[in-house]
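Colleague: I would like to go through a model with you, feature by feature. Please give the criterion each time and then the case.

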Amino acid sequence: MRLASLAAVAAAVSLSGITPFTCAHAADALGEHTATIAFTLSAADLGAGMSWGKGVLTFEGHDYSFRIRGGSGAAIGFSRTHAIGTVYNLYRIQDIEGTYWSVQGEATVGAGKGGAVMENNNGIYIKFTSRSSGARLAFSVERLTIHLTPDAKTASVSAPRLPPLLHMNRQVAP
């Protein structure tokens, strides 16, 4: 059931160019925009496949590096994907970690474009658009796991945290 609702949100997001109402409705369904993300992902498949890559999450004015790994089924070929996107409902940096699920299709011959919406068990959504290169044909459920790198975890522990209201209303002394 959860996968079906995720597929419905992905469909709404992909059709968001049809009317302004559709775009606003899709953003509301995902929650609050709290961070941005960029990553590169390589995928190699022969029936079932694996994916690996790295990226950067920008959250509360800080950049956090991460590794991404996963797998998919019903695919053949190899591709390299560059993606940028928006993260929703992230309030603690450690909640970005986890396994994300998406229903995804790809048909890349030379170069292609795409997009998807992924969700993890912490209620974090990632909506991204992508450019890919290679030769790959896929339509499958994809599972990707994000882990912050050790230096990103250290940075998140040492970074000062302000409550959301104080951060937004901080005043500079004269």
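Predicted model: local features only at pLDDT ≥ 70, side-chain atom pairs only at ≥ 80, totals over all residues.

Colleague: How many aromatic pairs does a search of the whole structure find?

Modeller: Rings of Phe, Tyr and Trp (its six-membered ring) pair if their centres lie within 6.5 Å; planes under 30 degrees apart are stacked, over 60 edge-to-face, and the rest tilted. The search of the whole structure gives two such pairs. Phe 39 and Phe 128 are edge-to-face, at 5.3 Å centre to centre with 75° between the planes. Strands are DSSP runs (E, at least two residues), numbered from the N terminus. Phe 39 is in strand S1 (residues 33-59) and Phe 128 in strand S4 (residues 125-148), so this pair links parts of the chain 89 residues apart.

Colleague: And which residues form the tilted pair?

Modeller: Trp 52 and Phe 78, with 6.5 Å between centres and 45° between planes. Trp 52 belongs to S1 and Phe 78 to S2 (residues 62-88), so the pair ties together parts 26 residues apart in sequence.

Colleague: Are Phe 39 and Phe 128 buried or exposed?

Modeller: Buried means under 20% relative accessible area, exposed over 50%, and partly exposed in between (1.4 Å probe, protein chains only). Both Phe 39 and Phe 128 are buried. Trp 52, at 32% relative accessibility, counts as partly exposed, and so does Phe 78 at 41%.

Colleague: How do S1 and S2 run, and how many bridges join them?

Modeller: Two strands pair if DSSP finds at least two bridges between them. S1 and S2 run antiparallel and are joined by 25 bridges. Phe 59 has His 62 in S2 as its bridge partner. Two residues lie between the strands of this hairpin, where Glu 60 takes a positive phi near 50°.

Colleague: What does the side chain of Glu 142 make a polar contact with?

Modeller: A polar contact is a pair of N or O atoms within 3.5 Å; within protein, one must be able to donate a hydrogen and the other to accept it, and residues adjacent in sequence count only if both atoms are side-chain atoms. Glu 142, in S4, makes one with the side chain of Ser 51 (3.3 Å).

Colleague: Where is Gly 123?

Modeller: Gly 123 lies in the loop between S3 (98-119) and S4. At 22% relative accessibility, Gly 123 counts as partly exposed. Its C-alpha atom is separated by 9.4 Å from that of Gly 31, 92 residues apart along the chain.

Key
Residues numbered from 1 in each chain as written. Heavy atoms only, no water. Helix = DSSP H or I, 4+ residues; strand = E, 2+ residues; numbered from the N terminus.
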